[in-house]
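The following note sets out points for a colleague working from the sequence and the model.

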Amino acid sequence: MTRSLLSIDDLGREGIETVLALTREFRDVSSRPIPKVPALRGKTIANCFFEDSTRTRISFEIAAKRLSADTITFTQKGSSLSKGESLRDTVRTLCAMGVNALVCRHEASGAPARIAQWVDVPVINAGDGAHEHPTQALLDVATVADHRGDLGGLRTLIVGDIAHSRVARSNVLAFSAMGAQVTVCGPATLLPPGGESWPAEVTTDLDAALEKADIIYLLRMQKERIEADPVFGSIKEYVQMYGLTAERAARLDPDVLVMHPGPMNRGIEIASEAADLPASLVEEQVANGVAVRMAVLYLALGGTP
Ligand code: CP
């Protein structure tokens, strides 16, 4: 049996709370002069990024090193995938070399789950297509918990391209599991088919939703998608209707927390005036990514809470 993390549903509330408790311990480790513990000494973790990443890839690498694991980073470019080697043969080749866990990002939804069927080591989903990004949701919950403690009843508004966002999916599951009231907001063309089955309210009216939010979470707008979508219109129109513009940011109660998973498109989904507000948690989210991923790797490789 392996301890893969493919979806927030693998954890539930109890599992999320276990990760949060360990995150607090590992954050203490990170603040030491020598931020390292021997918890995973002798283990080798492969960071397999078949799609680009800055935050997730580097924070998994830092997390593994702080736990004293050896790391290798596999990227598509420069690998034998270009010679036609299959994904299955690629990951099994890594495991044949003695890798103890795989961290996988892939553009295809479900790729980490498929990989987990092919290998005997834990697989951590580092973002798959439009499916899920569970460690992003965990670091987001940890960041809000730092500011608000209990998430129960917190009105959380997630705004943007909900239909294509793995972050939206994982965050809806994680925040609702922790008792928050979640609303997703975006243009009708970018709301998910079947979204009525999500544990969230759905709206297209950002200005009305903003008045009732304790947290506003902006998603990255995939400019390439919106420009190619004749149904939606222009980026200018998107900004007017769904951007956290300087004008909207000025109307926010100072207690409203502003979040974004990065990378940000400043001037599109979020204006610089909003991204740089005192209430903006964007850099805290990134910082929490290291301790959260330490907790996830530790649990995946057999550590006990
Ligand atoms: N938030 C996030 O997943 O960022 P990266 O694509 O840079 O990893």
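1. Salt bridges between the domains. In this predicted model, 2 salt bridges are found across the interface of domain 1 and domain 2. A salt bridge is also formed by Asp146 and Arg27, whose closest N and O atoms lie 2.9 Å apart.

2. Polar contacts and contributing elements. On the side of domain 1 that touches domain 2, two or more residues each are given by the elements α1 (12-30), α2 (55-66), β3 (101-106), β4 (123-128) and α12 (282-300). By class, that side of domain 1 has 11 nonpolar, 7 polar and 10 charged residues.

3. Domain bounds. The domain assignment places residues 8-132 + 286-300 of the protein chain in domain 1 and residues 134-282 in domain 2. The centres of the two domains, taken over C-alpha atoms, are separated by 26 Å.

4. Extent of the interface. The size of an interface is often expressed as the accessible area lost when the parts come together. For domain 1 and domain 2 the buried area is about 2200 Å², with 62% of it on carbon and sulfur atoms. Ile8, Arg13 and Glu132 supply 25% of the area that domain 1 buries against domain 2, more than any other three residues. In terms of contacts, 28 residues of domain 1 meet 26 residues of domain 2.

5. Thr71. This residue is found in strand β2 (residues 70-75). Is Thr71 buried or exposed? Thr71 counts as buried because its relative accessibility is 18%, and the cut-off for buried is under 20%. Leaving aside residues up to four places away in sequence, Thr71 touches Ile45, Glu61, Ala64 and Lys65. With Lys65 there is a polar contact between the two side chains, at 3.0 Å.

6. Ala271. The loop between β9 (257-259) and α11 (272-275) contains Ala271. Its relative accessibility is 11%, and Ala271 therefore counts as buried. Which residues does Ala271 touch, not counting those up to four places away in sequence? They are Leu244, Thr245 and Ala246. Thr245 is 26 residues from Ala271 along the chain, yet the C-alpha atoms of the two are separated by 5.0 Å.

Key
Residues are numbered from 1 along each chain as its sequence is written. This is a predicted model: local features need pLDDT of at least 70, side-chain atom pairs count only at pLDDT 80 or more; totals for chains, interfaces and linings use all residues. Side-chain values use heavy atoms; hydrogens and water are left out. Helices (H or I, at least four residues) and strands (E, at least two) are DSSP runs, numbered from the N terminus. Buried means under 20% relative accessible area, exposed over 50%, partly exposed in between (1.4 Å probe, protein chains only). Contact means heavy atoms within 4.5 Å. Domain bounds come from an automatic or database domain assignment. Buried area is the accessible area (1.4 Å probe) that two parts lose on being put together, summed over both. A salt bridge is a side-chain nitrogen of Lys or Arg within 4 Å of a carboxyl oxygen of Asp or Glu. Ala, Val, Leu, Ile, Met, Phe, Trp, Tyr, Cys and Pro count as nonpolar, Asp, Glu, Lys and Arg as charged, and the others, Gly among them, as polar. A polar contact is a pair of N or O atoms within 3.5 Å; within protein, one must be able to donate a hydrogen and the other to accept it, and residues adjacent in sequence count only if both atoms are side-chain atoms.
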